[in-house]
Amino acid sequence: MAEENRWKPPGEEEEEEEDEVDEAAYKSARDAVLFVVEVSPSMLTAPPPTDAKKQERDTPTLAALKCAYALMQQRIISNPNDMMGVLLYGTEETKFQEGEEARGGLAHPNCYLLTDLDIPAAGDVKALKDLVEDEEESKKLLVPSTESVSMANVLFCANQIFTTKAPNFTSRRLFIITDNDDPHATDKALKSSAAVRAKDLYDLGVIIELFPISRSDHEFNRSKFYDDIIYNASPTDPEAPAPVSGGVAPSLTSDGISLLASLLSSINSKAVAKRALFSSVPFEIGPGFKISVKGYIIFKRQEPKRSCYVWLEGEKPQIATGVTTQMADDTARTVERVEIKKAYKFGGEQITFTPDEVSGLRHFGDPGIRIIGFKPLSMLPLWANIRPSTFIYPSEDDYVGSTRVFSALQQKLLKDRKVGIAWFVARKNATPVVAAVLPGAEKVDENGAQIIPPGMWLTQLPYADDIRQNPETNLIRAPEGLIDRMRVVVQQLQLPKAIYDPRKYPNPALQWHYRILQAMAMEEDLPEKPEDKTIPKYKQIDKRAGSYVIDWGRELQTEHEEWQKDNEVTTSVPAKRSAPSGKDLIPDRSKKAKTATPDGGPTDAEMKHAYMKQEHKKMTVAQLKAWLQGKNMSAGGKKAELLERVEEFFENK
């Protein structure tokens, strides 16, 4: 059997149809996150009242559980294969995994496994939602223990959860939310034991993240205990956890909503698993001079993506498992994989190729980035960016010293305002492209938080076949007075600090899609109206620029009337054709048009004005025919055909 075409997922480009991805070069994108939240009298104390307009006050423990609930909702949609769990410690009640309870022992006293580490199901989300919304239920469960809890025991409990539930996950994270900066102030043995348990977790590949909460009367001090538990990131490892020594701890002086927002923002910045588009690809700056880099897609359009099929005909929705079987057309027998060969049609026949022959045809060299020259930044036009740019960052895996060389090249390109031109092969059997290597400076927000890291970007350049000429247009430049008035309007409508932040304007269609999925999974009522933050604030626009827009409209009307007066002489009379020889053999169309419309057809200026205002559809058939005849165009057919010719004329013009 010959396989002529291969199924292509939606959105996959044609030239990448047969790329063979080396799966060994990729790390698993699955992430396992375990929340460890302390339950203590101070963590169950609401913040002091303030003059804030919002009256709701959440305790730190409740805010942390709301944060876990919000993150669980996000992960179900964005990363449906990720695992999440919630472990409470310091509770009066004790609960652990089923196997532990079956043995009849309490190996982890005062630890309550609220949600076991697993892919969140609708029931888990509903249970967590009921806990954070039902005050009576939360008071019944969130009862602090009178005995102190050993942090070594808590970390060992987390170790067991990760070992049994996520043994093969590359990304495993432990989030500790507490306001106690020294749980074992008087017992050095317990402190030392906790440090050993923390090292066991790191040896297992688990990253511990601390989210400290400072109280109004006490600032959280990491040096007392957690500096021995939390390991700082290595500056040479871009995938290591971010350093937390300079982070700002959420404050208990703020209300619960602010605490929830700060916790969720901090966790989102650290909880997202980073996956490299390509890993440890050689970057050849000169002959024999190579370093190693990793590539990431940072900016990409997010669209609804089907991760599985769901069967809704049963008592409850279930994930359907698909099975694909290839069958022969003539005998309907099952075709084995070894019988399938790739073929191409040529001259009416199918020419088959072996997998090695296909790979040889597509092989343009090993993966790598090779600089072939440098150009001024001004020579790179904006329209040359045809694909999402790839962010590259140095890696010390293959070549020691890559970070220093990469940093020196990035700073030199920034200083001289130049770009590199490179030959780029992303992975094995990928289509080679010519790319521009652009230096990128670090960008931070007003709070000093990093928005875009420093590094370099690979921007794929178009080939000659990708470039099309713009259609010719006869545009009329606006007068300076009209431009000046519009400049005032634009200045009144600028965003704060003239910066557009896409994080503040989520895609309404995508969010509506997710909201419907959430309502169906949790058996909630379907929402009536989507939340759309992209709708313009018309009242605010009218308040800021309404009068200026009216003035601009009056100026436009005046300038248009002046332009019509200046151009009426040249455009009022349609151009006439010179009478060819054999005049008697050609019917006199002008006489017919004149007979049908004694006043003549509309001028070019009148027809264009009518077309711009969509008033040409109100003209009579005689007027349309007269104008078309003046343009040497066919005037036969019904009115719809005449209107189509008029519209086609102005669209092409």
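**Close-up views of a predicted model**

View 1. V310 sits in strand β9, which spans residues 309–311. The model shown in this and the following views is predicted. V310 counts as partly exposed because its relative accessibility is 46%, a value between the 20% and 50% limits for that class. Together with L312, I319, M520 and L526, V310 forms a nonpolar patch on the surface. The accessible area of these five residues together is about 510 Å².

**View 2. The whole protein chain, for orientation.** The chain has 653 residues, and 32% of them are buried. Its secondary structure comes to 16 helices and 19 strands. Among contacts with a separation of 6 or more, 69% are between residues 24 or more positions apart. The accessible surface of the chain is about 41900 Å², and carbon and sulfur atoms account for 52% of that surface.

**View 3. The largest nonpolar core.** This core contains 35 residues. Within the core, L174, I208, Y226 and I229 have the most contacts. At least two core residues come from each of the strands β2 (31–38), β3 (83–89), β4 (111–118), β5 (171–178) and β6 (206–212), and likewise from each of the helices α5 (151–165) and α6 (188–204). Helix α5 gives the most, with eight residues. Nonpolar side chains tend to be buried together in soluble globular proteins.

View 4. Leaving aside residues up to four places away in sequence, I208 touches L174, I176, A198, L201, Y202, I229 and I230. Another core, of 27 residues, lies apart from the largest one. Its members include M72, L131, I177 and F211.

View 5. Eight of the eight residues of β2 are buried. In a regular strand, side chains alternate between the two faces of the sheet. On one side of β2 are D31, V33, F35 and V37, and on the other are A32, L34, V36 and E38. Both faces are covered, and the residues named on each side are all buried. Strand β2 runs parallel to β5, to which it is joined by seven bridges. The pairing of β2 with β3 is also parallel, and seven bridges join these two strands.

View 6. Strand β14 covers residues 390–395, and five of its six residues are buried, so the strand is largely enclosed by the rest of the structure. With strand β8 (residues 289–296), β14 pairs in the antiparallel sense over five bridges. I392 of β14 is the bridge partner of G295. Strand β19 (residues 455–460) also runs antiparallel to β14, joined to it by three bridges. In that pairing, F391 stands opposite W457 of β19.

**View 7. Helix α15 and its neighbours.** Helix α15 comprises residues 621–630, and its buried residues are L624, A626, W627 and L628. These buried residues pack against two helices, α14 (604–612) and α16 (639–652). Just after α15, N632 takes a positive phi of about 60°.

Definitions and conventions: Residues numbered from 1 in each chain as written. Predicted model: local features only at pLDDT ≥ 70, side-chain atom pairs only at ≥ 80, totals over all residues. Heavy atoms only, no water. Core = buried A, V, L, I, M, F, W, Y, C linked by side-chain atoms within 4.5 Å. Buried < 20%, exposed > 50% of the residue type's maximum accessible area, 1.4 Å probe, protein only. Helix = DSSP H or I, 4+ residues; strand = E, 2+ residues; numbered from the N terminus. Contact = heavy atoms within 4.5 Å. Pairing = 2+ DSSP bridges. Patch = residues over 30% accessible without salt bridge, like charges linked within 9 Å, V, L, I, M, F, W, Y side chains within 5 Å. Areas by Shrake-Rupley, 256 points an atom, 1.4 Å probe, with all protein chains shown as cover. Salt bridge = Lys/Arg side-chain N within 4 Å of Asp/Glu carboxyl O.
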